[in-house]
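Hi everyone, thanks for coming. Let me put the structure up and then walk you through a few spots.

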Amino acid sequence: MWAGTIPRHRILYYSPTDMSDSPIASPSDAPPAPAEPVGARVEARPLLGPDEPAPFEGFNPDGAAPLLLVCDHATRLLARRLGTLGLSEAELARHIAWDIGIAEVTRGLARRLDAPAVLSRFSRLAIDPNRALDDPTLIPQLSDGVVIPGNRDLSPGDIQARIESFHRPYHEAIKRTLDALAARGPAPAMVSMHSFTPVIKGVERPWHLGILWDADPRLARPLMARLRALGVPVGDNQPYTARDGHGYTLFEHAAPRGLAHVLIEIRQDLIDTHHGAVAWTDRLADSLRAVLENAGVFRGARFS
Ligand SMILES: [Zn+2]
């Protein structure tokens, strides 16, 4: 039962290696997959073998805070049936496959704020869960100048198999978690976690953090104010804007329910080591906790 405040000192599962400078764990070092929630659809995932993990990770599912963290681009994992999509190992390690560093920050925030998190467990090169099903970049054929051979000439059946194997079960997991949070307490808030490259097409990005939002200011405005007071260079709808359809996951799940929501982008070079990820997790946890303690956040509200 949620006691009405976000915990300040509840740090769970931390190991003595947390203060090391070790690089971000590779997918093969990831913790074992938790069991899927009761009632999860496990049939009809044609691209996933029975021994392959579910296409999402439910982290800290019993977290008590009325808050859901989501991470669309948590991993570079590709289902065995997809092979390498015709890309080299070096290309598959790049940001085109995943949001470097953000999974660790998301899990860290979930621990510190005692909130559940849902993370994707498939590369956005297979299908981008932060895109609507009719978005032409749903299954990218080109990303940051890299052609993706395995995504060319896909049949309608191939596309449907990607949707059913990855996109749909991930979004169903988010929906189930929001339903469970809403059933047990106040209207939950929702925070979507991403990371961005420090340079794109030769242009440096000066922000350390981007806060993306559209009509609902409840989390975005106070969060930007707190971070700027700490001296963090914060982009307001930079380096992307939530006002051009960016942020599909939030606008699919949070906005229709009137839930307070925001999308946070962190520059990848700040969180691509374990030490960096922990430092930014701490900073963000403190700021989010303060913003979430505004009781008005945990209420359904419509903005336009
Ligand atoms: Zn992302």
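When I say contact, I mean two residues whose C-beta atoms, placed from the backbone, lie within 7 Å. Helices (H or I, at least four residues) and strands (E, at least two) are DSSP runs, numbered from the N terminus. Now, this is a predicted model, so local features need pLDDT of at least 70, side-chain atom pairs count only at pLDDT 80 or more, and totals for chains, interfaces and linings use all residues. Residues are numbered from 1 along each chain as its sequence is written.

How far can we trust it? pLDDT is the predictor's confidence in each residue, from 0 to 100, and its mean here is 88. Residues 9–33 stay under 50, though. Where pLDDT is low, the predicted coordinates should not be read in detail.

Let's look at α7, residues 274–292. Its buried residues (20 or more other C-beta atoms within 10 Å; exposed is 12 or fewer, partly exposed in between) include Trp 280, Leu 284 and Leu 288. Among the elements covering the buried residues of α7 are β2, α2, β6 and α4.

Take α4: Pro 222, Leu 223, Arg 226 and Leu 227 from that helix meet Ser 287, Leu 288, Ala 290 and Val 291 of α7.

Most residues other than glycine have a negative phi, and most peptide bonds are trans. Gln 238 and Pro 239 are joined by a cis bond. Asn 60 has a positive phi, near 50°, and counts as buried, with 20 C-beta neighbours inside 10 Å. Lys 201 also has a positive phi of about 50°, but with 7 neighbours it counts as exposed.

Conventions
The expected span of a helix is 1.5 Å times one less than its number of residues.
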